[in-house]
Amino acid sequence: MMKKRYMALLCSIALTTGTLAGCGNSTDPKKEEKTVDNAPLEVTIATPQVGEAPKKGSDIELAIEKYTNAKIDIQWIPDAAFEDKKNIMIASSEMPKAFKVKANASTLNAIQSGLFWEIGPLLKDYKNLSELSPMYYDNIKVDGKLYGLPLYRDIGRAGIIYRKDFFGTLGLKPPVTLDDWYNMAKTVAEKDPDKNGQADTYGFFLDKNYNDPVLSSSFMTRLSVPNGAPNKWGVENGKIVAEFMTKPYMDSLKLLKRLYAEKLINQDFSIVQTADSDNKWNAGKVGIRVNTVATAAALSFDNVSKSTPTAVVDVVPFEGPSGLKVPAESGNNGFFLFPKSSVKTEAELKRLLGFFDKLLDAEMSTLLTRGIEGKHFTKTEDGKGQIKDLTTFNLEVKPYRDSLPSFETAGKGLPLKQNELQAKGSKIAQDNLKSVVPNVALTFNSKTYAEKGGELDNMIRDAQTKYVMGKIDDAGWQTELDKWLKAGGEKVIAEYTAEYAKLKK
């Protein structure tokens with residue numbers, strides 16, 4: 001018996017290395033190998049948590065485990081604390097087997113330090129993963145190599161979700177120019193559209209991530225691009241330029257400065273969490289949300305209608321003076337990395353990739369985007385999925401949809417039966433693809449940014465907030481910009497420009 005077990009172990013090792021010589025003498029090697037291969041895969045995952053985390057052993061989690069033959073342990077880390085926690089885990093090498101992160105300086109530095117497996121050459125062996133459009137992988141490559149599995153998202157997602165009842169009462173139209181944005185914010189703040197006799201409404205409500213230096217989904221980038229600014233990084237006279245060094249971006253920032261000075265936007269924006277901003281909309285106190293229209297339009301209506309049953313919500317494309325323009329986003333909501341400290345062998349890595357590949361099968365795609373039939377959705381006569389209760393779906397299904405690879409509208413799962421608002425938002429997101437403005441430096445490599453990106457990003461974020469709050473004037477802003485340039489910004493621009501020049505050869 002001991003000899004049989006020893007030979008089975010040798011055969012299982014041989015299978016992972018591709019050498020089977022000497023295994024043919026086992027009494028029943030296939031049976032032994034099957035036993036080893038069928039052992040549930042241990043999958044530990046760390047992911048940012050937005051909203052309430054699902055309970056361990058939920059119906060969704062159990063269904064995933066059964067289908068994929070895995071034991072899942074998900075660590076939900078509050079979004080506000082995720083970056084700090086991520087950096088601590090990386091520094092201590094105590095990482096999960098699948099680590100969901102976002103592209104920023106610390107992530108780039110960790111990848112370049114050799115802490116994670118390269119997976120690009122392996123993807124051809126996985127049907128679903130290899131079918132993804134190459135652009136989703138290209139957008140997260142580092143030095144031309146692929147280390148991460150993206151969480152697929154639309155690329156042109158931005159639009160304007162607004163209170164049509166407010167706008168009708170006040171004689172407003174969705175804003176196009178920066179002057180329109182000012183007039184809208186002033187009117188909603190001062191004309192009491194909810195008729196409660198209090199000055200408690202806002203044209204739009206900012207949170208502290210309004211000027212995120214990395215994400216093209218930040219409010220400032222979405223506002224400034226339709227008005228002519230680049231998407232994070234652009235090109236002027238053959239040289240890479242940061243968005244905040246351009247006039248259209250600064251014009252947009254000056255708008256916020258004026259609104260803040262006149263108390264027409266929330267005065268606590270620099271400390272407000274995203275969830276608090278959402279709650280302000282849900283309470284019926286906000287006129288406009290700049291958001292992901294394909295998924296957020298209907299949800300925004302559902303949430304605000306609970307506090308304000310008479311609310312009317314609509315969605316329109318994000319336009320500027322020269323027409324439709326939206327920042328192209330990365331095509332992902334973060335990506336999974338596989339640490340070498342916790343994934344010890346290539347064989348284990350391949351099993352993990354197999355787990356994620358299965359999540360894109362039709363059955364799992366339906367589970368992650370629709371939930372469980374009868375509980376979260378029902379099938380319509382035309383063969384589509386209809387969500388039974390959006391609140392239950394958001395509590396029990398959405399956390400998994402937002403944290404694991406899935407396809408909301410273009411996947412293999414059951415198509416969604418959309419209401420008018422959902423269909424309109426989805427069409428806007430699709431039409432946006434014709435007019436997206438790319439981040440030209442999205443995958444460029446800068447040694448300086450890898451080393452000092454976090455510091456540089458914080459410098460410019462703080463300077464912008466000081467400017468909006470009136471703590472510095474135009475001269476003070478220029479002083480802060482000069483500090484940023486001397487601290488490494490100038491080198492980043494030079495290194496990105498060199499990368500751009502290579503592409504033009």
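The model is predicted, and its largest nonpolar core holds 61 residues, while a second, separate core holds 59 residues. The sheet has three strands with antiparallel pairing, and helix α3 is described last, together with the elements against which its buried residues pack.

**Nonpolar cores**
- In the largest nonpolar core, the residues with the most contacts inside it are Ile64, Leu149, Phe336, Phe338, Phe355, Phe356 and Leu404.
- The second, separate core includes Met184, Leu223, Phe444 and Tyr449.

**The open sheet**
- The three strands follow the order β8-β5-β9, and the edge strands, β8 (288-292) and β9 (313-317), each pair on one side only.
- Neighbouring strands of this sheet are turned against each other by 30 degrees on average, with direction ignored.
- Strand β5, which spans residues 158-163, pairs with β9 in the antiparallel sense over five bridges, and the bridge partner of Gly159 in β9 is Pro317.
- Helix α18, made up of residues 420-432, lies across β5 and β9 and runs at about 10 degrees to β9.

**Helix α3**
- Within helix α3 (residues 59-68), the buried residues are Ile60, Glu61, Ile64, Glu65 and Thr68.
- Seen down the axis of α3, these buried residues fall within an arc of 135 degrees, so they line one face of the helix.
- The buried residues of α3 pack against β2 (70-78), α14 (346-358), α15 (362-370), α16 (390-396) and α17 (398-403).
- Just after α3, Asn69 takes a positive phi of about 55 degrees.

Key: Residues are numbered from 1 along each chain as its sequence is written. This is a predicted model: local features need pLDDT of at least 70, side-chain atom pairs count only at pLDDT 80 or more; totals for chains, interfaces and linings use all residues. Side-chain values use heavy atoms; hydrogens and water are left out. A nonpolar core is a set of buried Ala, Val, Leu, Ile, Met, Phe, Trp, Tyr and Cys residues joined through side-chain atoms within 4.5 Å. Buried means under 20% relative accessible area, exposed over 50%, partly exposed in between (1.4 Å probe, protein chains only). Two strands pair if DSSP finds at least two bridges between them. Helices (H or I, at least four residues) and strands (E, at least two) are DSSP runs, numbered from the N terminus. Axes are lines fitted to C-alpha atoms, for helices over the stretch in contact, and angles run from 0 to 180 degrees between N-to-C directions. Contact means heavy atoms within 4.5 Å. The arc is that of the directions from the helix axis to the C-beta atoms.
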